[in-house]
Amino acid sequence: MNLENKMKIAKVGIGGPVGSGKTQLIEMLVPILKKKGFKCGIISNDVISKEDAERMQRTLATELKLMPEDMIIGIATGGCPHTAVREDPSINLAVIEEIEQKDPTLDLIIIESGGDNVMTTFSPALADYFIYIVDVSGGDKYPRKGGLGIESSDLLVINKIDLATYVGANLSIMKNDAIRIRKNKPFEFVNCKTGLGVEKIVDHIIHNLLFDKKPLKNIT
C-alpha cells in the first residue's frame, strides 16, 4: 500500500477530572490494541508538568516495550486545560503533525487532556472520537450532574467501580442516570486498575473510530 493513499491517522481524545483515571485507562488500552495489531501514538496534556507522559514512557515504552518512547509526547500547556484541546488546539495539532511524520503507519493517536471539569470537550479539528471518564469516588451524583463531557462525549467511562461500596455510591443509580442524561449514547463501567471492562472500551474504539478495519501491516 502506498503511504500517500493512506487515510489520516485516527485520533481519540480522553478527558476527565484530575484523578479519574485517564492515564491508567491509556495504559490499559494500548496493550490490548497492540495485541490486536494496532499501532498507537500518545499525546499527554497537563497544565504544568509532563509527569503523566513520563509515567507512560516508563510503563508502555521502557517496561512493556509496546511502543517507542518518542511516540509518547508530553505537553505542558501552561494554562486552562480547555484551551489546548478545545478553543486553540494548535499546540496539539503541531505535535500530531510531528508524530505523523515520524511514523505515518500508526493506526491511532490517543490525546489525553489535562485534568478538567465536566465541561471538557475536544475540538473536532483535534479528535475524531471523544471519551470522557469519571470515577465513583465523587459519589453517584456524577452522571446526573450533566455537563458537556458527560452528555456529549462519544463514550462515557465510569471508573473505579470497586470503590462504590466504600463511598456509598449506587451503581444502579449511576446507570439509570447515565441512560437518561446521555439519551442512549453508550457508557461503560470499568476498573482500570484490574482491567475489568477495558476490553469493551477497545471494542468501541475499533468499531466506531477505526471502523473495524484491519491493522495496516508491512506497508511499503
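## Basis of the model

Helices (H or I, at least four residues) and strands (E, at least two) are DSSP runs, numbered from the N terminus. This is a predicted model, in which local features need pLDDT of at least 70 and side-chain atom pairs count only at pLDDT 80 or more, while totals for chains, interfaces and linings use all residues. Residues are numbered from 1 along each chain as its sequence is written, and side-chain values use heavy atoms, with hydrogens and water left out.

## Second largest pocket

A pocket is an open set of points on a 1 Å grid over the protein atoms alone, where a 1.4 Å probe fits, with protein on both sides within 12 Å along at least five of seven lines. Lining residues have an atom within 4 Å of a point.

The lining of the second largest pocket consists of 18 residues, and Val18, Gly19, Lys22, Thr23 and Asp52 lie nearest the centre. At least two lining residues come from each of helix 1 (22-35), strand 2 (40-46) and helix 2 (51-63). Helix 1 gives the most, with three residues. Sorted by class, the lining has nine polar, five charged and four nonpolar residues. Here Ala, Val, Leu, Ile, Met, Phe, Trp, Tyr, Cys and Pro count as nonpolar, Asp, Glu, Lys and Arg as charged, and the others, Gly among them, as polar.

Buried means under 20% relative accessible area, exposed over 50%, and partly exposed in between (1.4 Å probe, protein chains only). A nonpolar core is a set of buried Ala, Val, Leu, Ile, Met, Phe, Trp, Tyr and Cys residues joined through side-chain atoms within 4.5 Å. The largest such core has 66 residues, of which Leu29, Ile42, Leu108, Ile131, Ile201 and Ile205 touch the most other members. Contact means heavy atoms within 4.5 Å. Neighbours within four places in sequence aside, leucine 29 is in contact with Ile14, Val198, Ile201, Val202 and Ile205.

In helix 9 (residues 198-208) the buried residues are Val198, Ile201, Val202, His204, Ile205 and Ile206. These buried residues pack against helix 1, strand 4, strand 5, strand 6 (155-159) and strand 7 (187-189). Valine 202, in helix 9, counts as buried because its relative accessibility is 0%. With neighbours within four places in sequence left aside, valine 202 is in contact with Leu29, Ile32, Leu33 and Lys36.

## Cysteines

A disulfide is a pair of cysteine sulfur atoms within 2.5 Å, and the structure holds zero of them. Cysteine 40 is in no disulfide, the nearest cysteine sulfur being that of cysteine 192, 15 Å away. That distance is too far for a bond. Cysteine 40 counts as buried at 8% relative accessibility, and cysteine 192 is buried with a relative accessible area of 0%.

## Positive phi values

Most residues other than glycine have a negative phi. Lysine 160, although not a glycine, has a positive phi of about 65°. Lysine 160 is placed in the loop between strand 6 and helix 7 (164-167) and counts as partly exposed at 23% relative accessibility.

Lysine 183 also is not a glycine and has a positive phi, of about 55°. The loop between helix 8 (171-182) and strand 7 holds lysine 183, which is exposed, with a relative accessible area of 67%.

Methionine 119 is found in the loop between strand 4 (108-112) and strand 5 (129-135). With a relative accessible area of 37%, methionine 119 is partly exposed. Not counting residues up to four places away in sequence, methionine 119 touches His82, Arg86, Gly147, Leu148 and Gly149. Methionine 119 and glycine 146 are 27 residues apart in sequence and 8.8 Å apart in space, C-alpha to C-alpha.

Alanine 76 lies in strand 3 (residues 72-76) and is partly exposed at 34% relative accessibility. Leaving aside neighbours within four places in sequence, alanine 76 is in contact with Asp46, Val47, Ile48, Ser49 and Lys50. The C-alpha atoms of alanine 76 and valine 12 are separated by 19 Å, and the two residues are 64 residues apart along the chain.
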